[in-house]
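Hi,

Here is the model I promised to pass on.

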Amino acid sequence: MTEKMLQFTHLAQQTPEKRKVLARRADFDEIYARFDTQAAKAQASRCSQCGIPFCSVHCPLSNNIPDWLKLTAEGRLEEAYELSSATNTFPEICGRICPQDRLCEGNCVIEKGFDSVTIGAVERYITDTAFEQGWVKPIAPKTERRQSIGIIGAGPAGLAAAEALRSLGYQVTVYDRHDRVGGLLIYGIPGFKLEKDIVLRRWKWLEDGGIKFVLNADIGGATSFASLRAAHDNILIATGVYKPREIAGPGSGLPGIVPALDYLITSNRHGLGDSVPDFTSGRLNAAGKNVVVIGGGDTAMDCVRTAIRQNAKSVTCLYRRDRENMPGSLREVGNAEDEGVVFTWLAAPEAFLGDDHVTGVRATRMHLGLPDASGRMSVDPIAGSSFTVPADLVIKALGFDPEDAPAAFNEPSLKLTGWGTLKIDPASFETSLPGVFAAGDIVRGASLVVWAIRDGRDAAASMHRQFMAAEMLQAAE
Ligand code: FAD
Ligand code: SF4
Ligand code: SF4
């Protein structure tokens, strides 16, 4: 083992510099700076090169983390990039937005006595540098294959599959109902976590590699699913989950109460330079308003922090459990608090006030009970504890369910799970329809970008295995 490694005993953890609160409240740029070369090398050298690297075990992509950390520490960055990009289609994106505290870094074994290795920041540094140095080459298949694959959905699952299939020489067309590529990477996740240029750069890279994109194509709407099946040898459904969970209670239908994704898409489109009437009219713009966001997941965190940047008068997050039991990343809660968001824990809405527009949320205090069947603490209202929060804009961020895929695609034989997600054979990623595969949130339910990438890559590998097996069979006949 090189002397460069194992530096954790005397070198403290250093995370990339965070921009000052006042500056970051004023724009949608990323809040973390990038490591410089010296910091990246030093931080990578803290790794103890574990025999069984729990960081890799807990990375959904099984990234070869200790090896690319070692190469980074030794200044062999191009090799580090080769290794890192061999298992991850978008390492610079995962390095920015994976909840590392729950995945690789949360399982780094030096964490107990010493702070974990800053794996995500090094991963991001490696690929950002690779782009700058021109090491990221367009996809160049060794052979062209005749089979054509149609992918529905240009989110991370669809794009990861597209890259893997195109690298193997398949003819790949990706269809999306939006006008830009990226799925939630472009229109869901705000720029302060993932700047849009990073996503647009990947779009160009995929196009340069020969992947075709058909945008503004609503499959199941103007273009039928059946026509796509007829046009391609295989189909991959990677359409994500978009049906917002609704909120009940008196007044819940009042104007001024809006779904989280409508709000975030509007903000992202505005940031990308589009003219968005809902933003200019103020309907989906928090400027000057008292904003209440309901929910405790990543989407809620993105909404509160977007509202702060739009110059809201006040931003309150109501969540029915406490900080320790919330689903969102604690790192993002800390960032939101620093930026001025007020968190009201253990509080749930019971009614929405106002006549022709929402003016406030009446909420009730909750207390945590015993864990339920899922292991999560139950929550019960505390009688007589109601209070009111003024609100001109209420954002519902309670999570998403899948749309009814068999109905949307007019394919009743597409089978669903009990949760409404697409049912697949877990070994092959094939749905109940032969030649139709599925990956990402539409299979898992709302999940993470890194899992979508993993699924997309696995589905592509499975299609390739099937094609190869069929060709061998044909050759043997
Ligand atoms: P999506 O990214 O949803 O992409 C699906 C694509 O399919 C979309 O482009 C959609 O337009 C298209 N589509 C759908 N139906 C059709 C149709 N009928 N015809 C044509 N196109 C169609 N994960 C993280 O790891 N870190 C985070 O910080 C994080 N933050 C998040 C913040 C928000 C606000 C949200 C909503 C999610 C966040 N996630 C985060 C989760 C992550 O974005 C998703 O798990 C991931 O994007 C799922 O990828 P996907 O490819 O399955 O679906
Ligand atoms: Fe960690 Fe995500 Fe990178 Fe895996 S992909 S090493 S979980 S940041
Ligand atoms: Fe290095 Fe931590 Fe992974 Fe061990 S668990 S190999 S110390 S990054």
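Predicted model: local features only at pLDDT ≥ 70, side-chain atom pairs only at ≥ 80, totals over all residues.

Residues are numbered from 1 along each chain as its sequence is written, chains are lettered from A and ligands numbered from 1 in the order in which they are written, and side-chain values use heavy atoms, leaving out hydrogens and water.

**The sheet**

There is an open sheet of 5 strands, ordered β3-β2-β1-β4-β16, with parallel pairing. Strands here are DSSP runs of E with at least two residues, helices are runs of H or I with at least four, and both are numbered from the N terminus; two strands pair if DSSP finds at least two bridges between them. The edges belong to β3 (212-214) and β16 (436-438), each of which has a single partner strand, so one side of each lacks a neighbour in the sheet.

β1 (residues 148-152) has 5 of its 5 residues buried, so the rest of the structure largely encloses it (buried is under 20% relative accessible area, exposed over 50%, partly exposed in between, with a 1.4 Å probe and protein chains only). Ser-148, Gly-150 and Ile-152 are on one side of β1, Ile-149 and Ile-151 on the other, and all are buried. β1 pairs with β2 (residues 171-175) in the parallel sense over 5 bridges, and the bridge partner of Ser-148 in β2 is Gln-171. Strand β4 (residues 234-237) pairs with β16 over 3 bridges, also in the parallel sense; there, Leu-236 stands opposite Phe-437.

**Two asparagines**

Asn-216 has a positive phi, near 55 degrees. Asn-216 sits in the loop between β3 and α11 (225-231) and counts as exposed at 58% relative accessibility. Asn-410 has a phi near 50 degrees, again positive. Asn-410 is in the loop between α16 (405-408) and β16, exposed at 65% relative accessibility.

A pocket is an open set of points on a 1 Å grid over the protein atoms alone, where a 1.4 Å probe fits, with protein on both sides within 12 Å along at least five of seven lines; lining residues have an atom within 4 Å of a point. Of its 26 lining residues, the closest to the centre are Thr-15, Tyr-32, Gln-100, Glu-105 and Arg-331. α6 (91-97), α7 (119-133) and α15 (330-339) each give two or more residues to the lining.
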